[in-house]
Amino acid sequence: MRRIIITIIILAFAFMLNAQIIHHGFVRTYLGSLTDRDGEYSVMQNTFDWRLDYGKGDVALYVNPVFDYNALNKNLDISLRQAYMDIYFDNFDLRIGKQQIIWGKADGVFITDIISPRDLSEFILPDFEEIRIGTNAVKFDYYLGNSTLEAVWIPTFQPTITPDENSIWAPKMPDFPMPVNYDYSNAEVENKLSESEIALKYSYLGSAIDFELMTAYMWDDNPAMRIYLQPDTLLIKPEYHRLPLVGASFSKAVGGAVVRGEGAYYFEKRFAVENLSVNGVKEKDYVHYLVGYDHNWFGMNVSFQFIQEYIINYEDDIRNDEFSNTITFLITEDFLRETLRLEFFTYYGINNEDALLRPKIAYDLADGFEVQLGANIFVGDEGNFGQYDENDMLYLKVRYDF
Amino acid sequence: MKKFTIILMAAIIMTATLSAQEITGLKIIENVYDRPTGQDQEGDLTMSLINSRGDERVREIKQYLKDFGDMEKKIMFFVSPADVRNTSFMSWSYDEAGKDDDQWIYLPALKKVKRISSDSKSDYFMGSDFTYDDLGDRHPSSDTHKLLREEEIDGENCYVVESIPKEEEYMYSKTITWIVKDKWIGKKKEFYDEDDDLLKTLTLKKSEKIKDYIVITISEMHNVQKDHTTKMELANVKVDTGISDNKFTERMMKRGM
């Protein structure tokens, strides 16, 4: 009933403003089949992604309701990916409402791009636009020539959505010596002013270089799993912690190619340890950075990134490695006057020798009408990607943009 | 008095003959490059892609450009088809010979402005018959120019100039351009591939005088090898309206038109 009311409100809103409103969006059918599980369907989804733009003078609004029908469990999910107002002034803009805020120069890796939380209920397989959750925020941008100063205030913490524990995308838990119980009583951040998140960014775009400098006082999206020894069990109490960070990124043209870099220093991030005397958690400063290279090579766009995560003052009982190294590689080429696109994207985890390979072929049957056939192939036994070795998937997407 | 008139006429004829003799391929191309086009310009660009069967696909773009003295800035907002709507592209090109353009693209799905490689100059723009380089102003010093002959097209006297790129790996082995005398505007241009075979022909279909400037409003690029044509139409052209410098920024790429 609630969903029907929301739909009616959205429709009423759209029709009221119909004279000036601009409608666009897409309709998509998405079917995914798990090849290692006898072709079992993991996704059978129909989506209506509706974008409504309205502007008058120096005020504009944007609403993006999304209707997802899951044909496997017959569930219709209605959500607002974004819904915000823009107010434009001569030298500054304000954006108020639920919005996706994207920072940094990395592709497919989240280093300084930590403002919008993520929906990882299907790991990192959906399009990035769909992984990012709109966050309720006030964003202020001040412009001076080619420079921008951006300040973001997020009044309430919204954590990243993790996969359900019964999902095929639930991450592998460490092996515990005793049965485990969970207590979620500390897994909430109160909705009050003092628990807000704030972030600040200076960016410059110019002939010589583009760069960003940022700092933020956030909550860590991943809760610390504090472990308490009980008579016959282990009690795990997830708890969110503050995560202050500073970071920077740049991109620069070098001889026809583009070189990119991005890095962040996180203060007192909580890491899981085997040592129960500290309740399974230790605080360590942590560095996450990447270097990237984009080049047009015989008509193909080639992009390469090396990513490193480093835990400072490492101790041996920390479950993560001191250094975690990952490589990404992307190659795309268009054919038939940009109606046929071949793409191959891969993540390769050096520590665990695991990988995610994502070949894709997309063909435009007509303008805005695309058929996409692709695969997600997981390689390895452990690590970020290897843990999903049983989840290799073939998929088909048919999408019409209007 | 009669003597003076004869001397004056002789001087005029000599000057005219001298200047006609002096004009070189390079000078003609420089005159085209330097032809005044105004401080700024905006317009609605429609590209119609027509294949050999006559099927047509249409791309619509709103574009703004402005001369900043030693560089030209251009910003394009993609209007249609629907799947590229709200994408924007910005380029800054420099008068300095050999200096690469700076280019950025804003993809609404990624929500960020991304610097892109300027090595894609030989790529075709949005599936059309124009490469990125065909759409820009190629610097005269990039080619060696030779005046081949003078010829009349559609009742207009033209210089015919052959231009051979200095860069060995360039996508064309040569181009031949028909330039209308005194107007310094290209009437027709032929592009030859690496085997020296004719690849494409660009034809000026319509030009308009807007304020004091000649603006090409309709042109057509025909790929003779693939029998594919792109018709480029520029409508609602406004020149010298004083477009703000702030139009050519990251802010506007994200905000859109």
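**Backbone exceptions and the chain contact**

Reply: A:Phe123 counts as buried because it has 21 C-beta neighbours inside 10 Å; a residue is buried if 20 or more other C-beta atoms, placed from the backbone, lie within 10 Å of its own, exposed if 12 or fewer, and partly exposed in between. This is a predicted model, in which local features need pLDDT of at least 70 and side-chain atom pairs count only at pLDDT 80 or more, while totals for chains, interfaces and linings use all residues. Residues are numbered from 1 along each chain as its sequence is written, and chains are lettered from A and ligands numbered from 1 in the order in which they are written.

Most residues other than glycine have a negative phi, and most peptide bonds are trans. A:Phe123, although not a glycine, has a positive phi of about 55°, and it is found in strand S6 (residues 121–124) of chain A; strands (E, at least two residues) and helices (H or I, at least four) are DSSP runs, numbered from the N terminus. In chain B, B:Met126 also has a positive phi, of about 50°, and it counts as buried because it has 20 C-beta neighbours inside 10 Å. B:Met126 is found in the loop between S6 and helix H3 (132–135) of chain B. The peptide bond from B:Ser80 to B:Pro81 is cis, with omega near 5°, and B:Pro81 is found in the loop between strands S3 (71–80) and S4 (88–94) of chain B.

As for the contact between the chains, it takes 29 residues from chain A and 26 from chain B, where two residues are in contact if their C-beta atoms, placed from the backbone, lie within 7 Å. On the side of chain B that touches chain A, strand S6 (112–116) and helix H4 (250–255) of chain B each supply at least two residues, and S6(B) gives the most, with four.
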